[in-house]
Structure formats: structure tokens, C-alpha cells
Amino acid sequence: DFESEHSFDLSGSAQFVLDGTFTNNGLLDVEFGSALIASSIENEGGATINGELTGSVGFFSDWKGSGKVNGELINGGAGSPGNSPGTFAVNGDYTQLGSGSVLIELASTSAFDLLSITGAAMLDGTLTISLLDGFVPASADTFIFLTADEISGTFSNVPDGSRLFTSDGLGSFVVSYDPTAVSLSEYAPIP
């Protein structure tokens with residue numbers, strides 16, 4: 001097992017392989033091309049993941065990036081998939097706890113965050129939507145921001161078919177839960 005209270009950085013083509021539990025309470029930075037592999041990975045100090053994590057992963061603080069988890073991901077923190085915007089991939093199941101949140105950023109109809117899950121997604125916690133760079137969606141635009149093999153639950157702050165205001169409060173979207181996707185549509189600006 002490995003436990004640290006300090007920052008832990010992997011860059012280039014670095015790999016850190018551990019047959020046990022990796023626990024980090026400092027900042028975790030896994031850059032593109034690098035990998036952290038352990039049976040269990042727990043982070044409570046913030047994380048930027050643009051490389052790969054392999055194992056059962058638990059985020060319990062802020063996390064972001066356009067990386068990949070090969071295994072289960074438990075989100076008990078504040079997740080922001082992508083690099084404003086971009087895709088974060090989970091090759092396994094995704095569980096968002098009641099304490100968890102996810103921020104989805106939209107820059108255009110072709111540039112927005114995606115949480116791509118190859119496995120089941122169990123949803124709870126909070127969803128937040130942010131528009132970037134002055135982007136104003138049309139009412140006919142649809143954004144599929146979460147995909148999974150199957151989806152259960154909903155974000156606690158927005159039931160199926162309800163409206164969710166953007167973080168700046170200037171408009172709202174209808175949030176729809178389908179068996180394999182969650183989407184935003186019918187944007188309505190505040191007059």
C-alpha cells in the first residue's frame with residue numbers, strides 16, 4: 001500500500017504500478033501518456049487526470065481532466081470532465097454519491113464536456129451546467145453529456161424532464177434521462 005499527504009505527479013510516459021491501495025490526500029496529477037495502476041485508488045486532495053488510472057477509483061475532492069479510468073469510478077467529490085471542454089472516459093461502472101457533483105461545460109454545439117461510461121452509471125448528487133466564452137445555445141440544440149451502457153437514478157437537483165438553470169442564471173435547459181444517455185435540450189434564456 002502507498003499513502004501520501006503530498007502532491008503526486010506522473011508525466012511523460014511514466015507508470016506507477018502498485019499491488020495494493022494508493023491513497024493520496026495531496027494533489028494528484030496524471031498527465032497525458034502516463035498511468036497510475038493499483039487495485040484501489042483513493043484521492044481526497046484534488047486531481048487532474050489526463051492520463052490513465054487503472055483500478056477501483058474514488059474521488060472525494062475536486063477532480064478534472066480528459067483522461068480515462070479503467071475500472072470503477074466513485075465520485076464523492078466535485079468532478080469536471082474534460083479540459084474545458086472535453087471527454088473523460090470510464091471503462092467500468094460510475095457511481096455518483098449524494099455528496100458528489102459534476103460540472104458540464106458547453107462552448108458550442110460541437111465542443112462540450114462528455115462523461116463517457118462503458119458500464120453502468122448510478123446517479124445521485126448534483127449536476128451543474130456552465131456556458132463558456134459567451135456561448136448562447138439555440139432552443140433546438142441538444143447536448144448528450146453522459147453516456148453509459150445503462151443508467152439508474154437521477155441527479156438529486158434535477159428530476160427527469162425538469163429544468164436546470166445554468167451556473168450564471170442566464171438560462172435553463174430541460175434535463176432528460178434515457179436508458180443509456182443524459183441530455184440537455186430546449187435552452188431558454190432569461191429575458
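Are Phe59 and Trp63 buried or exposed? Both residues are buried, where buried means under 20% relative accessible area, exposed over 50% and partly exposed in between, with a 1.4 Å probe and protein chains only. The legends below describe a predicted model, in which local features need pLDDT of at least 70 and side-chain atom pairs count only at pLDDT 80 or more, while totals for chains, interfaces and linings use all residues. Residues are numbered from 1 along each chain as its sequence is written, and side-chain values use heavy atoms, with hydrogens and water left out.

**View 1. The whole protein has 22 strands and zero helices.**
Helices (H or I, at least four residues) and strands (E, at least two) are DSSP runs, numbered from the N terminus. With a radius of gyration of 17 Å, close to the 16 Å from the globule rule for 191 residues, the protein is as compact as a globular protein of that length. The radius is taken over C-alpha atoms, and the rule is 2.2 Å times the number of residues to the power 0.38. Along the principal axes, the C-alpha atoms fill a box of roughly 55 × 30 × 25 Å. Of the 191 residues, 48% count as buried. The accessible surface is about 8,200 Å², and carbon and sulfur atoms hold 50% of it; such areas come from the Shrake-Rupley method with a 1.4 Å probe, and for residues only the protein chains shown count as cover. Among contacts (heavy atoms within 4.5 Å) with a separation of 6 or more, 38% join residues 24 or more positions apart.

**View 2. Phe59 and Trp63 form a stacked aromatic pair.**
The structure holds 14 aromatic pairs. Rings of Phe, Tyr and Trp (its six-membered ring) pair if their centres lie within 6.5 Å; planes under 30 degrees apart count as stacked, over 60 as edge-to-face and the rest as tilted. For Phe59 and Trp63 the distance is 5.2 Å centre to centre, with 20° between the planes.

Phe112 and Phe143 are both buried. Ring pairs also join them with Phe135, Phe173 and Tyr187 in a cluster.

**View 3. Lys68 forms a salt bridge with Glu52.**
A salt bridge is a side-chain nitrogen of Lys or Arg within 4 Å of a carboxyl oxygen of Asp or Glu, and the count by this rule is one. The closest N and O atoms of Lys68 and Glu52 are 3.8 Å apart. The two residues are 16 residues apart in the chain, with Lys68 in strand S9 and Glu52 in strand S7 (residues 52–59). Lys68 is partly exposed, at 29% relative accessible area, and Glu52 is partly exposed at 31%. Beyond its neighbours within four places in sequence, Lys68 has contacts that include Ile49, Leu53, Phe88 and Asn91. The C-alpha atoms of Lys68 and Gly51 are separated by 6.4 Å.

**View 4. Ser34 is a buried loop residue.**
Ser34 lies between strand S4 (28–30) and strand S5 (35–43). Its relative accessibility is 2%, so Ser34 counts as buried. Not counting residues up to four places away in sequence, Ser34 touches Leu10, Ser11, Gly12, Ser13, Ala14, Gly51 and Glu52.
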